[in-house]
Amino acid sequence: MTININNSWKPYLQAEFNKPYFKSLIEFVNSEYNKNECFPPEKLIFNAFEKCHFSDLKVVIIGQDPYHNYNQANGLCFSVNEAIKYPPSLLNIFKEIETDLNIPYPKSGNLERWAEQGVFLLNATLTVRAHEAASHQKQGWETFTDTVIKTISDNKENVVFLFWGGFAKKKTKLINTKKHHILTSGHPSPLSANRGYWFGNKHFSKTNTFLESIKLKPIKW
């Protein structure tokens, strides 16, 4: 596993890569990618850190696992490759954007355009075995990504954290709530959204209102 991250992250994370748990994690991931089909492609495991520079980071969105079907996962949570059918959660995200901001439905499910504007799209677990959800959980990824979230909290100010669903909401404990802005809602998955816990949260307009209030450029969702 090659650790491809933008240089802006390295001063904050380099020490983490040398810890015993991370070395064990690398061994596990290398073994899995050698023996099984895994996603995302190895070169995109750290894509969230490559596409969103630490210095530009304004918004954090937390997912759980990468997509585990062919050609979907590209290393950014909720994002899929160009021309891939939207998974149900992404479809509901786009529906909320359309009604919240009164803008046309996004044509591409590839969210690199968000990442390049400072939206950090982090899955708690960065890899998965094909067609086996949660197959790489509890191997060390969560320790690493929790450290990443806390590092952002400690070293940045006025970041908007979007926590969708119970799993993401638990990450609130890692954040200094006095210097950051947290928005929570149900998960955009159909199970949650169809029960009324997602639609109407207006997280996209609320994020932009906050960013503009601190003189930062809003996100083009």
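Predicted model: local features only at pLDDT ≥ 70, side-chain atom pairs only at ≥ 80, totals over all residues.
**Aromatic pairs**

Across the whole structure, a search finds 27 aromatic pairs. Two of them are set out below.

| Pair | Centre to centre | Angle between planes | Class |
|---|---|---|---|
| Phe46 and Phe144 | 6.3 Å | 80 degrees | edge-to-face |
| Trp114 and Phe204 | 6.3 Å | 55 degrees | tilted |

Phe46 and Phe144 form an edge-to-face pair. Phe46 belongs to the loop between β1 (38-39) and α3 (47-51), and Phe144 belongs to helix α6 (residues 141-155), so this pair ties together parts that are 98 residues apart in sequence. Phe46 is buried, its relative accessible area being 1%. Phe144 is also buried, at 0% relative accessibility.

In the pair of Trp114 and Phe204, the planes stand at 55 degrees, so the arrangement is tilted; a pair counts as edge-to-face when the planes are over 60 degrees apart. Trp114 lies in helix α5 (residues 112-115) and Phe204 in helix α9 (residues 203-213), and the pair links these distant parts of the chain, 90 residues apart. Trp114 is buried, with 1% relative accessibility. The value for Phe204, likewise buried, is 0%.

Ring pairs also build a cluster whose members are Trp9, Tyr12, Phe17, Tyr21, Phe22, Phe46, Phe49, Phe54, Phe120, Trp141 and Phe144. Phe46 and Phe144, described above, are therefore among the residues of this cluster. Another member, Phe54, has the charged end of Lys156 over its ring, 5.2 Å from the ring centre.

**Strand β3**

Phe120 of the cluster is one of the residues of strand β3. This strand (residues 119-123) is mostly covered, with 5 of its 5 residues buried. In a regular strand, side chains alternate between the two faces of the sheet. In β3, Val119, Leu121 and Asn123 point one way, while Phe120 and Leu122 point the other way. The residues on both sides are all buried.

Strand β2 (residues 59-63) runs parallel to β3, and 5 bridges join the two. One of the residues involved is Val59, whose bridge partner in β3 is Val119.

**Contacts of Ser8**

Ser8 is placed in the segment before α1 (10-17). Its side chain makes a polar contact of 2.6 Å with the side chain of Asn6. A polar atom of the Ser8 side chain also lies 2.9 Å from the backbone nitrogen of Phe54. With neighbours within four places in sequence left aside, Ser8 is in contact with His53, Phe54 and Ser55.

How values were computed: Residues numbered from 1 in each chain as written. Heavy atoms only, no water. Phe/Tyr/Trp six-rings, centres within 6.5 Å; stacked < 30°, edge-to-face > 60°. Helix = DSSP H or I, 4+ residues; strand = E, 2+ residues; numbered from the N terminus. Buried < 20%, exposed > 50% of the residue type's maximum accessible area, 1.4 Å probe, protein only. Lys NZ or Arg CZ within 6 Å of the ring centre and 35° of its normal. Pairing = 2+ DSSP bridges. Polar contact = N/O pair within 3.5 Å; in protein donor to acceptor, adjacent residues only side chain to side chain. Contact = heavy atoms within 4.5 Å.
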